[in-house]
Amino acid sequence: QDLSIFFRRQKVCWLEPGGQETKIFWEDRRAHLPEICERLLPGCDISLTPAFAQRLLKSIDRRQLSDIAQPDERRKMRPLSLPLCLESLFSPEFLRLDALLPKSQRQRLIIALNAKDALATPDLFLLARNFLQARGYKMMLEAGSPFVALAVRNLRQGFTYLRLVWSDDFPSPDSLLTKLLRSKLPISAEHIVLAGADRAAAIAWGWEAGIRLFQGRLIESQRSAR
């Protein structure tokens with residue numbers, strides 16, 4: 001079955017405070033796991049079976065990597081961020097894709113690694129990070145919240161971007177806690193992607209925190225309205 005219909009594609013854009021124009025930096029592509037499960041296994045609550053969810057994610061990774069390796073896909077490849085399981089980076093599908101991509105194209109592929117994997121399997125995380133760095137890929141650390149990013153700051157080296165997902169639970173941008181977080185975050189604010197920018201409040205928070213890279217439904221709607 002064609003799984004591409006279950007991938008969510010959103011542009012990561014640079015947005016200056018008060019600016020009317022957005023500059024597209026790359027596309028973020030990720031599978032929407034609940035929707036895939038609902039189609040393949042109706043009624044299955046994947047949150048109750050994390051081991052199965054992880055196996056499914058690995059299968060999706062391999063399928064997606066095989067698709068990207070196709071000649072037509074490689075020819076039209078544009079800057080793309082792709083979240084992958086650590087084990088997927090050592091799969092035959094990724095190694096084949098890596099062998100096919102020249103250095104110029106590898107630099108267009110931003111591999112997103114999850115901070116939770118760094119905490120669960122730090123040795124494998126370091127191995128994967130060092131391998132990607134040696135092969136010339138850009139990397140993005142997916143932390144969700146600033147607090148998770150702080151928990152893995154000793155593993156931050158080599159990452160170009162940090163991806164956070166905004167929520168109402170974030171401390172206010174002018175709070176002492178936010179200032180402390182900003183002083184200790186692994187990556188400068190200009191290289192932080194604030195995902196979940198679905199409302200104006202998220203963009204306002206990001207601007208006040210010095211963030212300029214945004215991803216979310218509000219960004220997509222602004223682009224489509226032009």
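Student: How do you know the class make-up of the lining of the largest pocket?

Tutor: The lining has 13 nonpolar, 4 polar and 6 charged residues. Here Ala, Val, Leu, Ile, Met, Phe, Trp, Tyr, Cys and Pro count as nonpolar, Asp, Glu, Lys and Arg as charged, and the others, Gly among them, as polar. The model is predicted: local features need pLDDT of at least 70, side-chain atom pairs count only at pLDDT 80 or more, and totals for chains, interfaces and linings use all residues. Residues are numbered from 1 along each chain as its sequence is written, and side-chain values use heavy atoms, with hydrogens and water left out.

Student: Which elements each supply at least two residues of the lining of the second largest pocket?

Tutor: They are strand S1 (7–14), S2 and H2; helices (H or I, at least four residues) and strands (E, at least two) are DSSP runs, numbered from the N terminus. The lining of this pocket divides into 6 nonpolar, 2 polar and 8 charged residues.

Student: Why are H1 and H2 called roughly perpendicular?

Tutor: Their axes come within 11 Å and cross at roughly 95 degrees. Axes are lines fitted to C-alpha atoms, for helices over the stretch in contact, and angles run from 0 to 180 degrees between N-to-C directions. Angles under 35 degrees count as roughly parallel, over 145 as roughly antiparallel, 65 to 115 as roughly perpendicular and the rest as oblique. H1 and H2 are therefore roughly perpendicular to each other.

Student: Which residues of H1 and H2 meet?

Tutor: Leu-33, Ile-36 and Cys-37 in H1 meet Ala-53, Leu-56, Leu-57 and Ile-60 in H2, with contact taken as heavy atoms within 4.5 Å. By class, this contact has 7 nonpolar, no polar and no charged residues.

Student: What makes the pairing of H2 with H4 roughly parallel?

Tutor: The axes of H2 (residues 50–68) and H4 (residues 92–100) come within 8 Å and cross at roughly 20 degrees. That angle makes H2 roughly parallel to H4.
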